Every structure is written in C-alpha cells, then in structure tokens.
Amino acid sequence: MLSCLALSRPLRRKSSDLSQLRFRALFSSIADNATKLPPPANDDIDFQSLPWNLNLPDQHYYLHLMTTPMEGWTNLHYDPSTDGGILTSKRSGGTLNSLHYYSQNPLRLTPATTSLNYGTTIWEGLACRRSPTSDKALVFRPQKNYARFVQGAHAMCLPPPSYELFMRGLQLVLQNNIHLLPPSPEIDPNTGVPLGGAKLYVRPMLMGSGQQLGLHSSPQVSLVYFVSPTGSYFQGKAMGGLKLHLERRRSRAARGGLGSVKCCGNYAVTMKPLLDAKKLGFDDNLYLELDTYRQSSLNEAILQELSAANIFLVLKTGEIVTPSLKRGTILPGVTRDSVLELAKAFKDELLPIVAKSVGVSSSDIKISVSERDVRVRDFLDAVEVFITGTAAEIVPVQSIATSPTPKDELDSVEEESLAVTFPHGQSLPGGPVTTKLLEMLREVMAEKRACNVTKYWLCDVYESPEVFRRGGTK
C-alpha cells in the first residue's frame, strides 16, 4: 500500500495560472448549475495515475466555519429556510467568505490548540464520482456519514452541526472544487459494469481549534471541509488479493473506548503495527478483541477489523457475515452497511453466485446475511474473504496468517500460529461473491442498479440544497 505521508503532484500550475483556475472553477460551478451537470474533466490531469493521497493541493479550496461550544451552530452559520448565513455569504468578488485557497491560506493553529494536544478531532470520508449514465456529480450516502459524524462529535465533546449545515457545506465544497472531479469510469464491454476509477474524495472535519492547556472541551470549534482527487486505497499493490496479518499482541480498540468513533486516535494507534506488518510482507493487520484471546485458544478469539476497513467472510454454509457492531469496538463503515443491504435486497440474485463459490448446486444451499461475533475459527470454513471501505470499495483477501512472536515478548507458553489461504482471493477482483457484490455496488453508484433500499443513496451535487440533502436522482 502506498504511503499516506508523501504528497503527490502529478500536475503543477504556475502561480500566474492560479487566478485563471480559480475563475474557471467558480464560473463552471455557476454556469453548469443551470444544467445540473459538472464541467468536463480536466484533460491536463492524469486522474488514473493518482494514488490514494493528498493530490494537487495547490489547486484545492477548503471551507472553514468556527463557533464556540456555548453558541453551537445556529442559523447565523446557516439558515436552510433562506440558504443564508456565514456559510453562503460572499465577498465582493463573488467567492464565498468561508472558502479558502488551500496552499495560500492554511488553517492558523497555535501550539496550544486543543485538537493538537488532546486529539479532539473527528472526520468523515466521502466520495464524489461522475456518473457514466447521466454525467452527474454524485455523492454516495452522505446521510450515513452525517449520523456517524454526530456520534463522533458527542464523543469528543464538540457541538455537532445540523444536518442541513453539514450537507450544504459538503455541496458547496464540491461545487467549488468541481474542476478536480475525475472523468466517469470506463464500462466493461463484456458485462456492462462500471470499472473502478478515480474519485473526488471529501473529508469533513470537526475539531477543537481553541487554545488551552487544561483538559477541557475546546473553547473554539472549527468545521472544515477539504478535498483531493484520488485513486484506489490499495492501488499499486500486487495483482492478487490482500495478505493480512492477524495481530495477536496489540489492540486497536477496547470495549468502552473509541473504536466506533471516526476520530484521529482511532487511526494513530494502528500506524506502528501497520508499518511492522508491512516489513513482514503483509498488506495490513486484522485486529482481535484481545479480551477474548487466550493462549492455546486462538480459534475462539473474536475478530474486529483492519486498520481502516471492515471485513466480510463467505462461509461454506452460504452465510455472508461480518463482525457485529454491538461491542462498540468497530467503526460502522458506510460501505460495510451498503454491502449488507445489497446482499439482503438481492439475495435471490446472489444464490447461484454463492453456490458457485462453495461448489454446490443452488438447490443445495441457502443464503443468510448476518452481523455477529466472528471468530478466528470461522476462517477455516470460509471460501471467500473480502474487506470494505470508502477508499478501497471491496477488495479480496488471499491469505491470513500470524507472525512469529518476538523473542523479547515470549511468555512461558508459545503462542499459537495460524495460516489460511483462500483460493478465490489469489487474483483480482476476487471470488464469485466478492466480484458480484463489487459489481452491484458500482452499478448503484453509476445509476445502473436501484431498488427501494437504494432510493436515496445518491446525492446530486448540482441539485437544489433541499433535493441534495434528501438524496435520490431522477
């Protein structure tokens, strides 16, 4: 997996070109609002070569609003009844007061900033894609991101924005960065299914931006949105599925903690274990509920998730299963939920696919879709394993294994080892079920598949604020 620390700049602009770029972005946003379509993709950018990273930062705009815990977010910040407020107010030149040029007007943070000292930052990750069906700029399921955002805000003692404010900020930052929207994905000529492509990633953040030394909630709060055009999270790895390391010694999250909150600490704790796993030849770690792991009983330990993705198993019984959220240690992924909903809604269509994966006839198997405690021993009955995430979409797993215990950590009892290989994960896009679920997901994103469950999953960036926050396309 590519490092997330290095900046990628496939295209650099001269400073003299920046004002024209800014004008073109603003003009395109205004002009194309009438047609409800984004401008054509920028031919000067090689979108397909972009890594999962912060790309082209000298061409971005970000949105920034501030408040205090006592004031909270009010109609002064955004009034949905009039589409007015600080968020939508404009400078004399016509640009938004809340809009700032990324490379020239960075956030001003002091050493005593609360989020820097105490980690009071939450964020979301969303993807905006150009539809190959309608050419619209569509955001996938932001309603779910907002629900998780609110949960995280309460956990970090930050005032959550209203749904209307959250969605309008998202819509405006996309409209004002629409010059970075990649072209629509290519269509597989054999299946008619959209292939994977680049996307315009959006990250809303809520952070304690006030100054203080004591352990209190921040006296000032910032709501920030920034973007980056990106490729796949696992772009650049081998052509096979992922090689996962089963982490038996280090904990990602514990019950009663922040494992279900999308906060900075949720990811910081995985960085050192991830680097260690890569040194051993693995792509990522799969974490356990360590309170359920006992030496000589590894098979009974309960699974959590990866560093930044959820995990699914397809079992020989026909069960499509993912670890339950009830322990409060797993992030409730939007792609995770989407896969569960699609698998339930199109269960009949999946039946022959699951039968093919298991190696039986459709009449000899029944499908079930479940969330429960998944134990290590379930891998022994799995025919397919895959991971899900906004950045990764759906990626197969080819193997899961432990690593030798470091000599300085050996106890009196040697730890059990595990090594399981999944034949269906040896090549991309994976086994029959993994491939079909990925196709279903991409078909929904491309407006080529729909049902009652998916009715409001896509939000059109150029619709009215009311229609955008409701979701649904015509």
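This report looks at a helix pair and at some aromatic rings in a predicted model.

**Two helices side by side**

Let's start with helix α7 (residues 347-358) and helix α8 (residues 432-445), which pack with their axes 8 Å apart and at an angle of about 150 degrees. Angles over 145 degrees count as roughly antiparallel, and α7 and α8 are therefore roughly antiparallel to each other. On the α7 side, the residues in contact are Glu349, Leu350, Ile353, Val354, Lys356 and Ser357. They meet Pro432, Val433, Lys436, Leu437 and Met440 of α8. Sorted by class, this contact has 7 nonpolar, 3 charged and 1 polar residues.

**Rings that pair up**

Now for the aromatic side chains. The count for the model is 12 aromatic pairs. In one of them, Trp123 and Tyr267 have ring centres 5.0 Å apart and planes at 35 degrees, so the pair is tilted. This pair joins distant parts of the chain, since Trp123 lies in strand β3 (residues 121-123) and Tyr267 in helix α5 (residues 264-279), 144 residues apart. Both Trp123 and Tyr267 are buried.

Elsewhere, you can look for an aromatic cluster formed by Tyr146, Phe149, Tyr163, Phe166 and Tyr225.

**Charges over rings**

Trp123 comes up again here: the charged end of Arg203 sits over its ring. Arg449 likewise lies over the face of Phe346. The table gives the distance to the ring centre for each.

| Charged residue | Ring | Distance to ring centre |
|---|---|---|
| Arg203 | Trp123 | 3.6 Å |
| Arg449 | Phe346 | 4.6 Å |

Key. Residues numbered from 1 in each chain as written. Predicted model: local features only at pLDDT ≥ 70, side-chain atom pairs only at ≥ 80, totals over all residues. Heavy atoms only, no water. Axes fitted to C-alpha atoms, helices over the stretch in contact; angles between N-to-C directions. Helix = DSSP H or I, 4+ residues; strand = E, 2+ residues; numbered from the N terminus. Parallel < 35°, antiparallel > 145°, perpendicular 65-115°, else oblique. Contact = heavy atoms within 4.5 Å. Nonpolar A, V, L, I, M, F, W, Y, C, P; charged D, E, K, R; others polar. Phe/Tyr/Trp six-rings, centres within 6.5 Å; stacked < 30°, edge-to-face > 60°. Buried < 20%, exposed > 50% of the residue type's maximum accessible area, 1.4 Å probe, protein only. Lys NZ or Arg CZ within 6 Å of the ring centre and 35° of its normal.
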